[in-house]
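Reader: I have just opened this entry and would like to know what stands behind the words used for it. Please take me through them.

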Amino acid sequence: MEGQETQPLPPAPDNAGKEEDMETETSEDDGAPMGNADEQQKCTMCGLRLREIIRLQEENRKLKGELSKKALDENFLRDNDSKVKYYTGLPSFSLLMGVLMQVIPSLPKTKERKLSHFQMLLLTLMRLRLDLPVEHVAHLFDISRQTTSNLFIETINVLHAHLSPLVYWPKRHCIQASMPHQFVEIFGNRVTVIIDCFELFIERAQNLRAKAETYSNYKSRHTMKYLIGITPQGTISFISKGWGGRASDKQITENCGFLQKLSPGDLVLADRGFDIKESVALVGAMLKIPAFTRGHSQLNAKDVEETRKLAHVRIHVERVIGCMRSKFNILNDTIRLGFVVPCEGEDKTLLDKIVVVCCALTNMCPSIVVKPSC
């Protein structure tokens, strides 16, 4: 206003600054409890998250352990010989791994394959042992049906190449050194081999000649016939290639290479159907078969006793055949025609190789003739 002097503002009281400081301190003190609560809540949440993470990690570990037990790999059979015997026919896991180590250099490379070498061997043995359909095995290993068939054939070829030497004809002194006492009591130490034939059912061929050659009057079905020979100890020492079911026991024995295995002085035990006495005599060996009635109503007492003794030991070859067929159920099913066609560039069929592999694997198991000593 005009004519009036401007009056200066009165000085602020001394406690004004103190009041502001007190207000600031009060506001800070009021915020402290709120900050501590937030921190406590965060720590609680962190603890809950940590416990949840630990729980999930433990659950993940357990699930992985359970999954590894279900997966068809080494862990599936490790430390469980009863499971190994059921799925493969072999008596122990260590023996299974021994077979794997023997054949692994020749198995197909697995870099571009889904299955490991162990799974390839297990797949093949499971088919031999359990006679599982190809489609079922493909689902078990999560591969295609065609891949399953190819892997089975490839692995059978490898197993045949590596395991066929296990079916061998031992030297005479080796047989005599471990001759079971039941043979010694009846025949001394002269018995070298016990022979018999067994037949496997196959599908009926469309070709008339093949159909006629494979029809077995004895089984009234189409079959492939094999000559098998075992030592007195129960080991398979000879297995022939497959013959049509029409072939006689004599025809197979004289033309399969069996006679070339005999040496002068050998004693061969066989059934009545093996009319090969002259053929065996040509190589200096001797044949022993059950006596015939030769037109008489019954055998004399001496022939009856000899036939009884012979049947008592000759039955072991039938037991070995039964053991092999019970171990590998694929031999009890009707075989596809594709298995009895000669392999490319070979004179053996896939069925011949399967039979040899089954014989070799049977030789790796404990003998049913000679019981293990306690």
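Author: In this predicted model, strands β3 and β4 (residues 236-239) form an antiparallel pair.

Reader: What makes β3 and β4 a pair?

Author: DSSP must find at least two bridges between two strands for them to pair. Between β3 and β4 there are three bridges, therefore they count as a pair. Gly229 stands opposite Phe238 of β4. Five residues lie between the strands in this hairpin, and Gly234 takes a positive phi near 95° there.

Reader: Which other strands pair with β3, and over how many bridges?

Author: Strand β1 (residues 191-201) pairs with β3 over eight bridges, in the antiparallel sense. Leu200 has Met224 of β3 as its bridge partner. Strand β2 (residues 215-216) is also antiparallel to β3, with two bridges, and Tyr215 has His222 of β3 as its bridge partner. The hairpin of β2 and β3 has four residues between the strands, and Ser220 takes a positive phi near 60° in it. Strand β5 (residues 243-244) is antiparallel to β3 over two bridges, and in β5 Trp243 stands opposite Lys225.

Reader: Why is β3 called mostly covered?

Author: The strand spans residues 221-230, and nine of its ten residues are buried. Buried here means under 20% relative accessible area.

Reader: How do you know that Thr253 is buried?

Author: The relative accessible area of Thr253 is 0%. The cut-off is under 20%, so Thr253 counts as buried. Thr253 belongs to helix α11 (residues 249-255). Apart from neighbours within four places in sequence, Thr253 is in contact with Leu227, Phe258, Leu259, Phe274 and Ile276.

Reader: Is Leu331 buried or exposed, and why?

Author: Leu331 has a relative accessible area of 1%, which is under 20%, so Leu331 is buried. Leu331 lies in the loop between α13 (301-327) and α14. Beyond neighbours within four places in sequence, the contacts of Leu331 are Leu200, Met324, Arg325, Ile354, Val355 and Cys358. Cys358 is 27 residues from Leu331 along the chain, and their C-alpha atoms are separated by 9.0 Å.

Reader: Which residues of helix α4 are buried, and why are they said to be on the same side of α4?

Author: In α4 (residues 93-103) the buried residues include Phe93, Leu96, Val99, Leu100 and Val103. They cover an arc of only 120° around the axis, so they are on the same side of α4. An α-helix has 3.6 residues a turn, so residues three or four places apart point the same way.

Reader: What covers the buried residues of α4?

Author: Among the elements covering them are α2 (74-77), α3 (81-88), α5 (117-130) and α7 (145-163).

Technical notes. Residues numbered from 1 in each chain as written. Predicted model: local features only at pLDDT ≥ 70, side-chain atom pairs only at ≥ 80, totals over all residues. Heavy atoms only, no water. Buried < 20%, exposed > 50% of the residue type's maximum accessible area, 1.4 Å probe, protein only. Contact = heavy atoms within 4.5 Å. Arc of directions from axis to C-beta.
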